[in-house]
Structures are given as C-alpha cells and as structure tokens.
Number of protein chains: 2
Amino acid sequence: MEGIVQSVINFSEGRDEKVIEKIVEQVRSIPGAKLLDYSYDYDHNRSVVTFIGSPEAVVEAAFNLTSKAAELIDMEKHHGGHPRMGATDVIPFVPISGITMDDCVELAQRLGRRIGDELEIPVFLYGEAASSPGRKNLAALRKGEFEGLKEAIKTPGREPDHGPGEMHPSAGATAVGARKPLVAYNVNLHSDDLQVARNIANAVREKKGGLKNVKAIGLKLEDRNQVQVSMNLVDCESTPIYRVFDLIKAEARRYGVSIAESEIIGLSPQEYLIDAACHYLQLNNFTNQQIIENRVFFEDGEEG
Amino acid sequence: MEGIVQSVINFSEGRDEKVIEKIVEQVRSIPGAKLLDYSYDYDHNRSVVTFIGSPEAVVEAAFNLTSKAAELIDMEKHHGGHPRMGATDVIPFVPISGITMDDCVELAQRLGRRIGDELEIPVFLYGEAASSPGRKNLAALRKGEFEGLKEAIKTPGREPDHGPGEMHPSAGATAVGARKPLVAYNVNLHSDDLQVARNIANAVREKKGGLKNVKAIGLKLEDRNQVQVSMNLVDCESTPIYRVFDLIKAEARRYGVSIAESEIIGLSPQEYLIDAACHYLQLNNFTNQQIIENRVFFEDGEEG
C-alpha cells in the first residue's frame with residue numbers, strides 16, 4: 001500500500017507531561033512517520049497527537065503508542081471532562097494523498113486486530129471502518145464510557161470487533177476507524193452583529209437545512225469588532241470549501257454584509273485548495289499531476 | 001542548498017532518435033533527478049528535455065547532458081529552423097519549491113564555470129543570471145548563431161562569461177541562466193468570433209498596454225467552434241493567473257461573451273494554484289505549511 005495517511009490519536013492523559021512525552025515519543029521514533037502536532041488539556045485530561053506518513057509507518061506508530069499508553073495509563077484512576085473509554089481512546093486513519101478510503105479501512109481493521117490480539121484490548125471499528133451502520137458514530141459506541149462499558153460490552157449488539165469480549169482492566173477499550181480529513185474553516189464578516197453571524201451559520205449548517213457535511217456556529221471576535229461563522233467541514237470532497245464560501249457570501253448579502261476574510265485553521269489536504277482554484281478559474285481538465293511538486297514525490301510509487 | 005529546481009534544456013538534435021536517447025539518458029541515470037518530459041522536432045532539429053530534482057542532481061544531470069551532446073553533435077553539420085548557437089543551446093534553472101532565484105543564479109554560475117573549464121565550451125549567462133542587463137535576453141546573446149558567433153564572440157562586449165574566448169569547434173557555445181517558471185495558460189470563450197479573441201488578447205498582453213509578464217494571441221479552435229486567448233505567463237508571482245483570468249472575463253463582457261473554461265497546458269508550481277484559491281476565498285493568512293502534503297516532504301530540510 002502506498003500514499004500518505006494521517007492519524008489523529010486521542011489518549012487519556014492530559015496532565016502528567018512526563019507520561020505524555022513518553023507516549024508521544026512512540027510516534028517520533030518510527031522512521032517514515034512524522035509528528036505534526038500534539039496538544040493536551042488539563043480539564044479534559046486528554047491529549048491529541050497528529051501525525052502522517054506511509055501506511056506501514058503510521059500503523060506501527062499507532063500500535064506502539066497504544067501499547068505505551070496501556071502501560072502508563074490506568075483508566076481506574078482517570079477523571080476528565082471529555083467522554084472516554086480507554087487509555088488510547090480513538091485512532092482514526094485519514095487518507096491524505098495517493099491512498100483510498102478503502103485502504104484506510106483496511107489499515108483500521110489491521111491495527112484493530114493487532115491491538116485486540118497482542119494487547120488484549122477490545123477494539124470497536126468506527127466511521128468508514130464500522131462493521132455496521134449503527135457503529136459509525138463514535139459517541140454511540142462510547143456510550144457509558146470506561147466505567148459503564150464494563151457491563152455494557154457484554155450485552156448483545158455491543159460486542160467489540162476485535163480482542164477480548166470484556167474491558168481491559170486498566171486500558172479499557174479503543175475505537176479504531178477511518179474518516180475523511182476534517183477542515184476547520186472560518187469566515188469573518190464586516191459586521192459586529194452576532195445575530196447576523198448566527199443566522200448565516202444556521203443557513204449553511206446541515207442540521208438546519210443548509211449544506212450537507214457542514215457544522216457551523218456564529219461567534220463574536222471581540223478584539224476585531226467582527227463576527228465569525230465558525231465551521232467544521234467534514235467532507236470537502238462532497239461539499240467543497242468554495243461552495244460553503246459562496247453560500248455564506250450570498251446569505252450575508254441579505255443583511256448588506258460583506259466578507260472580510262476567511263481562514264483555514266490548521267491543516268488541509270492540497271486537493272481542497274486546488275479544487276477552489278479550478279472552480280473559480282473554470283479549469284475543467286486540470287489534474288494533480290500538472291503540479292510540478294507532485295511529480296517529484298508521487299510518481300512511479302517511489303515514495304511510500 | 002535545498003529545495004526543488006527544474007531545468008528545461010534545449011539541445012541541437014531533433015532527428016536522430018539514437019543520438020537523442022543517448023543524450024536524454026544522461027538525465028535518467030542521475031539519482032535525485034527526475035525526467036518529466038522530452039520532445040523533439042524534425043524541422044527545428046532540436047529537442048527539449050524537462051526535468052526536476054535536488055539542486056545537486058539537476059546540475060549534475062545538466063553537466064552530463066552537455067558533455068554527451070558535445071560528444072555526439074557537430075554543429076558544423078547542423079541545420080534547423082530554430083535559432084541556435086551550440087550543441088547544448090540553452091540551460092535554464094527554474095526555482096520550483098523551497099529554493100530562491102538567487103540560489104538558481106548560483107547554480108547557473110557554478111554549471112557555467114564547469115562547462116567552460118572542463119568541456120572548454122564558452123558559456124553566456126542569461127536571464128536572472130546575466131552579468132549585465134543587456135545580457136538578460138537570450139535572443140540578443142545568440143545573435144549571429146553558431147556560424148556568426150565564430151567571429152562575433154571575439155568582439156568587445158560579446159565575450160563569454162565562462163570558458164574560452166572562442167567558439168568550441170563542434171559544440172559552439174551554451175547559454176546557462178535562471179528564470180521563473182513559465183505557465184502556458186489558455187482561456188476559451190463562448191464565441192466563434194476570432195476578432196473578439198484577438199481584441200481581448202491585445203487588451204491583456206504586455207506589449208499592447210495590458211498586464212505585465214503576459215504574452216497573448218487570439219486563436220480559433222475549429223473543432224470546438226470557440227475562440228481562445230492563448231498565453232504565456234512569464235511571472236505568475238508578480239502577475240498571478242487569477243488576475244489574468246479576471247481581466248479576460250471583464251474584457252469579454254464588453255462583447256457580451258462569457259468564459260467557457262480555462263486550461264493550464266503542462267506543468268505549474270503548486271503555489272500558483274494555491275494563490276488563486278487564497279484570492280477567491282479571501283484566505284489572507286494561509287501558508288504553504290498548512291497543506292498537509294508539504295509537511296511530509298519539505299519540513300526540517302529532510303528532502304533536498
């Protein structure tokens with residue numbers, strides 16, 4: 001398997017920096033895996049680690065991280081504000097470049113089996129890797145959390161996909177899955193009227209009848225005297241950034257408000273930006289291989 | 001020196017495929033250099049080879065190609081429709097990613113010196129690497145071609161920058177330089193009126209008072225019943241693709257004509273497409289490092 005895959009692992013330690021460092025070190029020490037970012041939160045008592053690399057390297061790093069977290073974290077002693085069921089709580093695989101969602105599902109199954117067999121931690125497959133439609137949703141799988149799942153995991157329909165049929169005494173259970181890249185996208189408006197931002201957020205968000213795959217809220221940026229439509233775009237292939245931008249522009253016009261600027265928070269795959277360029281420039285036949293940089297690294301499968 | 005550099009070498013053989021293959025092989029055989037494309041033309045009796053890679057690899061490939069061309073091509077026997085002064089006629093270095101124009105000038109000087117010293121071929125530095133403003137223009141440097149330069153090269157002001165003060169008896173002289181990437185960009189119009197395309201081409205091209213760095217002509221696409229504004233954009237940093245597109249759109253409106261589509265012929269650096277996305281989405285603070293793929297290859301100088 002070739003290409004670049006991303007993982008964004010959540011583990012249940014957000015306070016003890018020594019423990020956090022030892023766990024994150026598992027990613028750093030794998031050649032071919034590249035740590036992009038990690039952050040931790042005291043109140044949530046939880047860390048988030050983002051890394052990318054070849055499929056083999058990312059799976060290896062994810063396994064080693066899970067193994068180290070199981071060694072160092074005791075869920076019996078864990079308290080925190082964020083719902084959680086295991087020492088390593090969630091492991092998604094995200095296709096970035098030269099790799100399909102099916103590949104990522106296969107990686108999730110492979111890692112899930114290994115965590116179940118070798119670490120004896122029960123694994124639930126979620127997202128695109130879910131074994132049934134009802135298991136796609138992470139929150140539903142995690143219902144009851146570490147404490148409640150000790151019993152719940154034994155009830156029909158809640159059996160894990162891999163590993164033992166009961167919770168690991170200290171490491172709990174882990175969700176392993178596959179999903180599309182998530183883009184955090186904000187649009188700032190030339191207005192200080194919070195109600196305008198909220199109305200526009202409601203107009204574009206899926207829940208209220210707007211665009212599919214868009215989660216949106218209205219916020220006030222006190223220091224800038226502007227309001228913002230703050231969004232998570234969960235499927236930019238189906239619902240591209242430019243469509244969201246254009247709809248917000250059209251909705252804002254209704255209030256005589258124009259767009260000050262937009263921003264992508266954190267990372268985006270190259271493709272989503274190129275899609276916008278092709279849309280506005282009416283470039284109908286442009287392919288990824290016309291980007292010089294892509295020819296260096298992605299041709300002939302020379303790079304994993 | 002790090003980053004990716006491109007070269008687009010023109011050499012003076014476009015008929016004998018065995019000779020052409022032996023010369024192109026010099027690029028293929030260098031690890032770290034990647035042959036992207038080569039083409040040859042019987043009438044011009046000339047080949048164009050495009051390749052990219054690390055600075056060291058691209059310089060090495062360019063030197064080996066020049067050496068092999070000097071061995072296999074005799075300019076005394078060369079005839080062709082395209083102006084030329086040497087077996088290897090032109091070697092530009094083009095900054096693609098993670099490398100500056102100053103770096104490319106340095107590469108041109110380094111290669112120029114080596115070709116002059118080791119192959120005893122006189123070298124003229126041109127483009128951004130030119131030793132004086134009057135030497136930037138390739139056509140001016142090449143004036144007189146192989147035959148005329150035998151005498152002209154000895155006249156004051158026309159001395160080569162490197163190598164002997166006279167033409168190599170069989171390999172002539174070579175121009176080595178640095179320039180920005182060139183983008184071949186066309187805009188197709190919902191019109192079959194060639195005059196409209198010509199008027200718009202005149203409105204956008206630098207020569208007629210339009211946009212700097214834009215060369216444009218109007219063409220008819222007989223099979224599509226459309227007309228086209230066909231362009232070369234020689235500096236998309238100063239004069240970006242989206243500005244050219246928007247100006248054509250505005251000029252076309254004057255004739256009640258809309259844009260059918262646009263197209264990039266061949267390759268473009270990633271940056272020029274990202275620039276368009278940022279322009280239309282009003283992404284004011286987006287950086288290259290927010291593209292996930294770029295984090296794999298270009299951080300920490302891990303890749304040349």
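Start in the largest nonpolar core, which has 74 residues. Select Tyr185(A), Leu189(A), Met231(A), Tyr185(B), Leu189(B) and Met231(B): these have the most contacts inside it. A nonpolar core is a set of buried Ala, Val, Leu, Ile, Met, Phe, Trp, Tyr and Cys residues joined through side-chain atoms within 4.5 Å. Buried means under 20% relative accessible area (1.4 Å probe, protein chains only).

This is a predicted model: local features need pLDDT of at least 70, side-chain atom pairs count only at pLDDT 80 or more, and totals for chains, interfaces and linings use all residues. Residues are numbered from 1 along each chain as its sequence is written, chains are lettered from A in the order in which they are written, and side-chain values use heavy atoms, without hydrogens and water.

Now select Tyr185(B). Leaving out residues up to four places away in sequence, Tyr185(B) touches Leu281(A) and Leu283(A), and in chain B its contacts include Val229(B), Met231(B), Ile241(B) and Phe245(B). Contact means heavy atoms within 4.5 Å.

Another core lies apart, with 55 residues. Ile30(B), Ala87(B), Phe93(B) and Phe124(B) are among them.

Next, show helices α7 (residues 241-253) and α8 (residues 270-280) of chain B. Helices here are DSSP runs (H or I, at least four residues), numbered from the N terminus. Where do they meet? In α7(B), select Ile241(B), Tyr242(B), Phe245(B) and Asp246(B); they meet Tyr272(B), Asp275(B), Ala276(B), His279(B) and Tyr280(B) in α8(B).

Finally, show both chains. A rotation of 180° with 0.0 Å of shift along its axis superposes chain B on chain A (RMSD 0.0 Å), by least squares on the C-alpha atoms of residues with pLDDT of at least 70 in both. The two copies are thus related as by a two-fold rotation axis.

Methods
Axes fitted to C-alpha atoms, helices over the stretch in contact; angles between N-to-C directions. Helix = DSSP H or I, 4+ residues; strand = E, 2+ residues; numbered from the N terminus. Buried < 20%, exposed > 50% of the residue type's maximum accessible area, 1.4 Å probe, protein only.
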